[in-house]
Amino acid sequence: MAEHGGGGRGDLGDKAREEFFSEAQELIDGLGRDLLAVDAVSKGGRTDPELINDVFRAVHTLKGLAGLFGATLMSGLSHELEDVLDDLRLGRLEMSPAVLDLLFRAVELYAQILAAERGDRPDEPGADVKALLHALGQVSQRREGGGVSPVAQYELDPGLLGVLTEYEEYRLRTNIAQGVSLFRIRVQFRLDTIDSALDELKARARPHGEIITYLPTGEGGDADSIELEILLASHATLAVLEAALGGSYAAIEEVQRRGGRSRPPPAIDEHEGEPFGDMTGAVPAVTGETSSFPQAPQPPESKAGELPLPVVWGREPPTTGTVSTTTSEMPPPFGDFGRVSRGRPTDVDDILKSMPPPVPPAEKQPSYPPGAVGGTGGREMSLRSVSQTVRVDIRKLDHLMNIVGELAIVRTSLAKLSDKVRLRPDARGLANELYRLHRVFERNLAQMQNGILEVRMVPLGQAFDKLARIVRQISREHDKQVNLVVTGAETEIDKLIVEELSDPLMHMIRNAIDHGIEPREERMRVGKPTVGTIALNAFQKGNHVVIEVEDDGAGMNTQVIINSAVRRGLLSREQAMELAPHEILGLVFLPGFTTRGEATDLSGRGVGMDIVKTNISRMGGIIDISSELGIGTKMTITLPITLAVISVLIVETAGRTYAIPLASVEEAIVFDERDVRAVEDREVMNQRGRTLPICRLWKLFGLAPEAAATGKRFVVIAAVGNRKLGFVVDRLVGQQDIVIKALGKSLSHVRGFAGATELGDQRVALVLDVAALVEEVLSGDGERLLEGRSAGALEMRTEGRLGDGRARA
Amino acid sequence: MAALVRRRAEQRALRRAADGQRTEYLAFSLAGEIYAVEIHSIGEILKPPPITEVPRAEPSIIGVVSVRGRLVTVIDLRKRFGVKDAPIGHLTRILLVDKGDEKLGLLVDEVLQVYRLTENEIEPANVLGGDQPAHILGIGRPKEGTGRPDFGSLLVLLDLRPILDG
């Protein structure tokens, strides 16, 4: 790393370097998205020069940045990429899956280089870069030979052809290859208005075709005007063009082909080429305006910014904006496992036949991209965002949030003061004034809190884009055809959660491709489409965001899972017999669990499902699996929408104050000791005819019970997924919106607390991690672990200094 | 005023030149001993706010406090050093230190004063015998008046890193 330090690094401060990292990261992310769009277009057998240009620009900017910061590895890679991209956009090199692979590989390497530069990883991927550079070098040498130019078939002035730039010639060839007619337009412009007039003409011509070039004819002009000859490639008829461009100043004529036929075969009807088959109705017809290829079977990705993604699963789309609405009428392909009878091939067959092809075959279908807005709309959008947004360090937002938290405490004190003043009859006027001010303050504070929260929110698409790359890469490595169908990429969630989510999602998708989707032959045998489908669905549900990773693969075999778990000594066969089906699926979350004899290349890497689960619960989320043999597997992650502000129920037990997130509280009822029964060392109570396991919070935390607690106690019933647990507490204090703060690293291993918050008058209350506690209590082993721990803890807390400290407080 | 400040600065410079490099140490008492840490490692000295205990945390972590909106984990140095507990008194203080990835508070019995020690006022830790714990840097013997003759003038100089990591 040191040798890449270069000259500039020392001079530019840390702040500048941070800027470099985030800017480079943005560019790399954008590059990945552009490449996915290129991939989608090239599956349709086309090349969009504008997209390639975007990629080129991104690489070029990266090169400049890297040079500035002395990141020689990055600038070297960029330099080589520029050459290849240049060849691609000039048509000297054909876009092929192999070339695309190299480009995608480059994106991965960029990310690695950046991580190394940043010091996140010790090693630079120098060797990998070298290998890639070599491969790129070979590619750029394997350029397409010249060949006989189809251009020669047209009666074009050799003089004109001679002055075409390389790029213009390439565009001309491409258009001819696509069977587009050529038109020659002669226009006279006044010299003083030529710029605007030319722009206007271009704007009018754009919906109908592509302007290849314009050159002065040298005729017909005088001192004040000039005549241009414009070469336009268009599928429109002469009449249409005349109508569009018409006016006295333009003369249009079609360029004839040598040897007779004036036009290539007629243009394909817009709808005939529709790649969505019976979904045609769901996809609005593409209007030609934004495309330079109005005639071709129009793949929808050129306007991906507006076009709906095909929604496959039969749920009501979460948002109306980007999702096709007709899809909710489609039968769920395999979403509702309950109605599907088990694994008989004929049933599978029927179901598969009855569902519309989730995604048209890969060759024709530009399956992507949700965020990979490759079209004009997308570019405009990204341009806007560059000029109107600022990058903010999330720590700064945390700082602001802390200040807002402080202000919330001031607000509480203010309310108390206001109440106090109101009690004094001599100060009524003052009291009213204070009360009004307090209300204004409260309102503004709430707005400010919301504002900051909003800033922290980012669309999930950020994480999904990366996953699309992974899917592409892994499915190629495994020679399995897989389509990723994304819905709800615009669902917003706390930035920190998005960051933390990438790894678990990536692992789940790897698993889905590796273990879930069957090999092609197997899929064919059972009558499934050879192309597997992985759906990534996100939607908001109250204060939570739900993310589903669903595949139409082989499903999970509960018997295999049990065997494997028993073999690994995770539980006994007798215990396994008692498990409900969903509990059996839950075994895959146990540490050390795997169904494979040996880890495969894919699943051997990275984290196991236990780590996925740990990571998700660390963010206060839960994960569930449902699976049906032969039909598919669905993993559902439910996450809080933000980590920052939550509504909590403040409770007291054993003289301590705790906060329980309301999102997981179902209700709170009065506790009656007489309702309690013991079942196998566990306490349960009767909740309206249902058995509710309960847990006394003081016991769970190893605190001394409050001797004076003779009054009514309460049970706070927490629900996590479909599991319920009642926490017995001494008092309910009330409901409050709090700013939750993470406990420091030295407390990170302490289970059961999601963080802490300030209640006012300097007091701090711990926020319970309900999901973890429910899991711990109901899974049983947690309690055993606790027995040992709580004895020591109790001792430490009952004597010693803390009692005195509290007394002073 | 300005002249006064300048004169003091000159005196300090003169003294430093005479004595060689001086380092400032903050001395505090804990279970009858005097410890001292380099003053630059101390961010702040606080009167203990209400401390919220964290169930299941390791015993030497006494709890968390809020310092101007920031959560700080407080370590009881008595417990870290394995000496007997004592109640929090009116002299008890929390020393805020930065551990890099988080802020920690160290609970001490009483903050005494700042000592400015030269190299020749510091003895290596091995004067106390062979195996000294990693957190003892050495023994400070300030030659200047301590103002607290009853404590003698023997300071156990602490290296905070092993304490914070432990």
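Read along the sequence, chain B follows the pattern α-β-β-β-β-β-α-β-β-β-β-β-β-α, so select this chain to begin, with helices (H or I, at least four residues) and strands (E, at least two) taken as DSSP runs numbered from the N terminus. This is a predicted model, in which local features need pLDDT of at least 70 and side-chain atom pairs count only at pLDDT 80 or more, while totals for chains, interfaces and linings use all residues. Residues are numbered from 1 along each chain as its sequence is written, chains are lettered from A and ligands numbered from 1 in the order in which they are written, and side-chain values use heavy atoms, with hydrogens and water left out.

**Chain B as a whole**

The secondary structure of chain B comes to 3 helices and 11 strands. Of its 166 residues, 49% count as buried, that is, under 20% relative accessible area, with exposed meaning over 50% and partly exposed in between (1.4 Å probe, protein chains only). Coloured by pLDDT, the predictor's confidence in each residue from 0 to 100, chain B averages 80, and 79% of the residues score at least 70. The model scores ipTM 0.81 and pTM 0.48.

**From chain B to A:Ser746**

Select A:Ser746, which lies in the loop between strand E20 (731-739) and strand E21 (753-760) of chain A. A:Ser746 counts as buried because its relative accessibility is 15%. Leaving aside residues up to four places away in sequence, A:Ser746 touches B:Ile61, B:Thr73, B:Glu102 and B:Leu104, where contact means heavy atoms within 4.5 Å.

E12(A) and E13(A) form a hairpin with 2 residues between them, and A:Ala654 in the turn has a positive phi of about 50°. Strand E22 (residues 763-768) of chain A runs parallel to E13(A) and is joined to it by 2 bridges, with A:Ala659 opposite A:Val767.

**The five-stranded sheet**

Now select the open sheet of 5 strands in chain A, whose order is E6-E8-E9-E11-E10 with mixed pairing. Its edge strands are E6 (482-487) and E10 (622-628), each of which pairs on one side only. E6(A) and strand E8 (residues 532-541) of chain A pair in the parallel sense over 6 bridges, and A:Thr487 stands opposite A:Asn537 in E8(A).

**The H3 and H4 pair**

Finish at helix H3 (residues 49-68) and helix H4 (residues 72-89) of chain A, whose axes come within 9 Å and cross at roughly 160°; axes are lines fitted to C-alpha atoms, for helices over the stretch in contact, and angles run from 0 to 180 degrees between N-to-C directions. That crossing makes H3(A) roughly antiparallel to H4(A), a label for angles over 145 degrees, while those under 35 count as roughly parallel, 65 to 115 as roughly perpendicular and the rest as oblique. Among the residues that meet across the pair are A:Phe56 and A:Val59 in H3(A) and A:Leu81 and A:Leu85 in H4(A).

Note on methods
Pairing = 2+ DSSP bridges.
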